[in-house]
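The exercises below ask for a careful reading of pockets and strand pairing. Please work through each task before turning to its solution.

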Amino acid sequence: MRAVILAICLVYALPGWSQQLTISGKVQDIETGEPLEFASVGIRGKSAGTVTNLQGEFDFHFPEEYRNEILTVNMLGYKTYEAPVWTILGGVQNIRMEKSPTILEEVTVSDSLSGGDILRIAFSRIETNFPMTPFLLDAFYRDVKRVGGTYISLLETAVQIYDEDYAEPRNKGKLREHVRLIEVRKSLGYESKFTKYFDQDNLLEDLLLHNNIRYRQIELREEFYSSMNRDKDSYYNDHPIYVVSHNSAFRLKFYIDKLDYSIVHMEYETGFSNDEAGRRKGLVSRFAGLKKTIDFRKYEGKMYLNYINITSKVNWYDSKTNELKFESELFQQLLVNEIHTNTTERISSTEKMKNYGLQYQDQQYNKKFWDNYNVIKETPLDIRIKEDLEKAAVPLDKQFNGQQ
């Protein structure tokens, strides 16, 4: 497999920061040229990482001490790309990832395992394959709100997330992780009258509770296992992968490592519901759909969260005429940048973020910090978001500073 990095640059950190390298690139399919979104980019054997955006692009910041290490790119269904970091600094290469032979050919299921059998084994091994000692994650969170096709607000945070282990919790709806806010920046859109039509709770807490593997929120009844289909095998991180799925009232798909039955990736999607979700100012809301992706990566022999993406849609109707008044959408992303295993550091109750809305917990905007922090690289969609948010004639950078 060969790879594409379209624009590679070496930068040095700003005063007060340790020296860093930055690789900027684009990941594409070698045959079609199609950009590969949410490919995992990292350093072999290290915990630092990022993912590509919808155009397959990334900016990856990492310590200068990794100069002689190996850069890796992993994508479901593709061979792993590897290259010494020092060989791709200061030059421009076209990185194109090659599909694995496993999915280029028809795969004949030669064993007797059904989709339900595979999933049953995978769930039984969560406490073997996932961390059972304390760990700390450095992460980037973003949420964007859209009403009637126009983006009205953007919030981004740098956070640390502490968890004791992946033991099954007694209360599957109560957050066990402790989160410390490091930096927060937000647009002025939170002053919009439409923000009241979105949940005012802490949306990052809500997102973490969407980790169905961590919180065991899937009902593991016999009917569920028997409904799982076994699909054609795939490939990830040089390992063959089982793919099992459910398609009826909702769509659910799991990617499971054939070697140890660890859950690598999960996708879930459901559509419109006619049930009333809430009421506000003469309007009634109905759930219009949810799409979720949860991805894990292996570090030191255990699976850790890599990223979560959720898009949720709610439609608002006149309570008397049932006329559709407007559509609202919430886009949420959490990207884990670094993993600290067997940590002795804790996040105390006084350090934790509050359980009310993140927009009320902002700190002074620190541009130098954000210039060197791993975020999901800007896309044409992000430019559209920025244009919508700047309709008030206030540049986004100034909005982050709280300037009207």
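**Exercise 1.** By class, how many nonpolar, polar and charged residues does the lining of the second largest pocket have?

*Solution.* The model is predicted, so local features need pLDDT of at least 70, side-chain atom pairs count only at pLDDT 80 or more, and totals for chains, interfaces and linings use all residues. Residues are numbered from 1 along each chain as its sequence is written, and side-chain values use heavy atoms, with hydrogens and water left out.

Step 1: a pocket is an open set of points on a 1 Å grid over the protein atoms alone where a 1.4 Å probe fits, with protein on both sides within 12 Å along at least five of seven lines, and its lining residues have an atom within 4 Å of a point.

Step 2: the second largest pocket has a volume of about 650 Å³, and of its 25 lining residues Arg 142, Glu 156, Arg 185, Val 375 and Glu 378 are the closest to its centre.

Step 3: by class, this lining has 11 nonpolar, 2 polar and 12 charged residues.

**Exercise 2.** Describe the open sheet of 4 strands and identify its edges.

*Solution.* Step 1: the strands (DSSP runs of E, at least two residues) are numbered from the N terminus, and the sheet has the order 4-3-6-7 with antiparallel pairing.

Step 2: strand 4 (49–51) and strand 7 (81–84) each have a single partner strand, so one side of each is left without a neighbour in the sheet.

Step 3: strand 3 (residues 40–43) pairs with strand 4 over 3 bridges, where pairing requires at least two bridges found by DSSP, and Val 41 stands opposite Thr 50 in strand 4.

Key: Points joined across faces, edges and corners; volume = space filled by probe spheres on them. Nonpolar A, V, L, I, M, F, W, Y, C, P; charged D, E, K, R; others polar.
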